[in-house]
Amino acid sequence: MKIKLNQLDILLEVAAQGSIGKAAKALNLTQPAISKTIQEMEAEIGMPILQRSSRGVTLNEYGQVLLRHARDIDRSLHQARDEIDHLLGKAMRQLRVGFTAAASYGPFTQTMIQYQARFPGVKLVAMEGRPQQMRDALENQRLDLAVITAASGTSLSGMYYEVLYALSNTVIAGERHPITHTTTLKNLMSYPWLDWDEPGEHSILTQVFRRYNLPLPENIVHCSSPWIMARMMEQADMVSLWTSVRLRFPGYNVNLRPLALREVLPATSIGILCPNIGRLSTAGHAFMEMLRINSRDWLQDSDALEMVVRG
């Protein structure tokens, strides 16, 4: 079979995203270009490889065989680049990675562990913060790259941004909160809210209320610590907007619970941010490639089904 490497990259992305449209967005390609590539691969092997439904696309048995070998090739190429880098003597002394709390779940932690094991000579520095703090640190060259959350519509102009996946959002409250039935954002406005960021373009809470033509609640406490937020919600009738992964962190799912809302909340994207992809170090490129592979594999795992927004 004469299948090209860029075709395998597209196959990997389509399988990970479960959607041609979302794969096109992640790869900065058009949907017709993705569809044409799939058709070329199907023509090469003489069989269809996709199953289409109202929920998106999945690989059939022929596509799964191709996917398995595509992953092997992807990993082999990554290992080849590692060996070439060592032969060329490229300096990989230090990598400074920023991350937001929601972005640290799943593939990010796995990538950190794998990266340290593969490159023990690289000083790996990780710093947690809010998205705007990560961007400031990148602009001031205190970080090489960051894995951050981004609300839909957030402007990231002037930097390279690559979406890995998107998480659903939910409103969280303590177990003793008086709201126990399906409710609306309007009915929650009288309660104190906890927000991760101060009001502005980067605040997803601001975007959610704007989406439904509602003013922001009058009583908002801004706090960047999920631990402090959790303790406050346990002890007072406060609510907060969290991504779906946060209740997976140890200690957060015991005394907190999601509230059922009539409104559909927008998703939060998880992606890689760096000032200039062309100037990123070899160490940075290696980390990004490992994170891409781990993200693709994680998206196929049952752990991601309840949290990831597809399509």
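These are my notebook entries on a predicted model.

**Ground rules.** Residues are numbered from 1 along each chain as its sequence is written. In this predicted model, local features need pLDDT of at least 70 and side-chain atom pairs count only at pLDDT 80 or more, while totals for chains, interfaces and linings use all residues; side-chain values use heavy atoms, with hydrogens and water left out.

**Overall build.** I looked up the secondary structure and found 11 helices and 12 strands (DSSP runs numbered from the N terminus: H or I of at least four residues for helices, E of at least two for strands). The C-alpha atoms fill a box of roughly 65 × 45 × 35 Å along the principal axes. I also noted that 50% of the 311 residues count as buried (under 20% relative accessible area, with a 1.4 Å probe and protein chains only).

**The core.** Next I turned to the largest nonpolar core, which has 46 residues (buried Ala, Val, Leu, Ile, Met, Phe, Trp, Tyr and Cys joined through side-chain atoms within 4.5 Å). Y115, W242, F287 and W298 have the most contacts inside it. Among the elements that each supply at least two residues of this core are β3 (94-99), α5 (107-118) and α10 (282-299). α10 gives the most, with eight residues.

**W298 up close.** Which residues does W298 touch, leaving aside its neighbours within four places in sequence? I found it in contact (heavy atoms within 4.5 Å) with Y105, G106, P107, Y165, L167, D303, A304, M307 and V308.

**Cysteines.** I searched the whole structure for disulfides (cysteine sulfur pairs within 2.5 Å) and found zero. C223 is buried at 13% relative accessible area, and C274 is buried at 0%.
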